[in-house]
Amino acid sequence: MPGNTFGRALRITTFGESHGSAVGVVVDGVPAGLPLSESDIEFELSFRKPGRIYVSGRREEDKPEILSGVFNGRTTGAPIAVVVKNIDVISKPYDEIRYKPRPGHADLPYIIRYGYENWDHRGGGRASARETVARVIGGAIAKKLLMITDTWVAGHLKSLGPLELNTEPSFEEILCSRNSPVRACRKDLEEAYQDLIMRAMKEGDSYGGVAEIIVRNPPAGLGEPVFDKIKADLAKAILSIPAVVGFEYGLGFKAARMKGSEANDEIIVKDGKPRWRYNYSGGILGGITTGEDIVIRCAFKPTSSIRKPQRTIDLRTMEETTISVIGRHDPAVAIRGVSVVEAMVALVIADHMIRSGVINPVKLSKEDIDRIESNWRRYIEACGRMQGSQ
Ligand SMILES: Cc1cc2nc3c(=O)[nH]c(=O)nc-3n(C[C@H](O)[C@H](O)[C@H](O)COP(=O)(O)O)c2cc1C
């Protein structure tokens, strides 16, 4: 199987290359009746968009065009195809990469797998994170579906290189990070991130970072033991994102250094219902959602395309040489990566909501649609309200 499709009940198939004419997605399994417009999708794409300070200078409009599956502003139950044209393509800086594969990038593995003569080297071709535009489009549709249960997905950049937020932000602060050019959820952290990135850019280097994603108010009981546990599906979704090198949820790797008495998620009664005291398990136990907020973190490596010269080989002579990568690159891919992780998380949760019967797989009821519309309005307003605060 070629590996361009993700999901079970809700499926995305992405297509397109960095310097091809367009990138896009086919989203299948969306029930009929979901109100959906190009501006809903564009709203989500705006947080991933390049062409601004601290990220890649590529000036893309990222205007989505819905080709199918929507009639009179509502989904019909048919596959939804959406494309975004690539308009700011400059392939010249990739001439050298054709013969000198970048250290840390997918160039050489693609050549090994597909053959040199079949490899689209322009902008990283299919391995380029331009493909993640398609994921964010799918994620926008999934996020709208999640409004049925008033479930919101939001993320922020928890750490960048050596800098880290060491307090727990509120969900509102996390939402607020959407208006930060570096996805920071606090002003002081934003300034520190900006200084660090400016320094890296001057030095022709890059930084990695950790994105943290919260799913607020998820339904309890999602996830199918044993191989389709929600943690397993989330891990696959997130590790499929370019440059992601690690995934954890709840206490994550910290749990390995703790005692059982410290790490156990104590069960308590709150408002007459069983709840978990500290949510140490990040909303997932036994691969099933507990109903507590889902807390996920993932590590992005530093951008591999850097100006600093590094060793590689010249494929024409098979001799060792160096490369200094030019062109337009993100100094820290984790900044725009946050939106991509949000999208993949939303897709997994929506997929499991359909699989477990929380969302009708065929057609939404009038009550569902009303709830989606009013919760989506609140969501857009909440993001807008945050605009001035960063
Ligand atoms: C939003 C986003 C933007 C990215 N931008 C760049 C970039 O400008 N330059 C680059 O070399 N890698 C960039 N990457 C990472 C590469 O696509 C990725 O490292 C490469 O495909 C190799 O895959 P791997 O790191 O998962 O092994 C970006 C990743 C994401 C998620």
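Residues are numbered from 1 along each chain as its sequence is written. In this predicted model, local features need pLDDT of at least 70 and side-chain atom pairs count only at pLDDT 80 or more, while totals for chains, interfaces and linings use all residues.

The protein chain comprises 9 helices and 18 strands. Helices (H or I, at least four residues) and strands (E, at least two) are DSSP runs, numbered from the N terminus. The C-alpha atoms fill a box of roughly 70 × 55 × 45 Å along the principal axes. Of the 390 residues, 44% count as buried. A residue is buried if 20 or more other C-beta atoms lie within 10 Å of its own, exposed if 12 or fewer, and partly exposed in between, with C-beta atoms placed from the backbone. Among contacts with a separation of 6 or more, 72% join residues 24 or more positions apart. Two residues are in contact if their C-beta atoms, placed from the backbone, lie within 7 Å.

The largest nonpolar core holds 88 residues. Such a core is a set of buried Ala, Val, Leu, Ile, Met, Phe, Trp, Tyr and Cys residues joined through C-beta atoms within 7 Å. Val341, Met344, Val345, Leu347 and Ala350 touch the most other members. Helix H8 (residues 333–355) gives the most to this core, with 16 residues. Leaving out residues up to four places away in sequence, Val345 touches Val153, Ile213, Val215, Leu234, Ala237 and Ile296.

Helix H6 spans residues 230–239. Its buried residues are Ile230, Lys231, Asp233, Leu234, Ala237 and Ile238. They fall within an arc of 165° seen down the axis of H6, so they line one face of the helix. The arc is that of the directions from the helix axis to the C-beta atoms. The packing partners of these buried residues include strand S11 (244–249), strand S16 (294–300) and H8.

H8 also gives the largest share of the shell around the ligand, 4 residues. Of the 21 residues around the ligand, Ala129, Pro242, Ser305, His329 and Val333 come nearest. A residue counts as near if its C-beta atom, placed from the backbone, lies within 6 Å of the molecule.

His121 lies in the loop between helix H2 (107–114) and helix H3 (132–146). His121 is buried, with 22 other C-beta atoms within 10 Å. Beyond its neighbours within four places in sequence, His121 contacts Tyr94, Ile97, Arg98 and Asp107.
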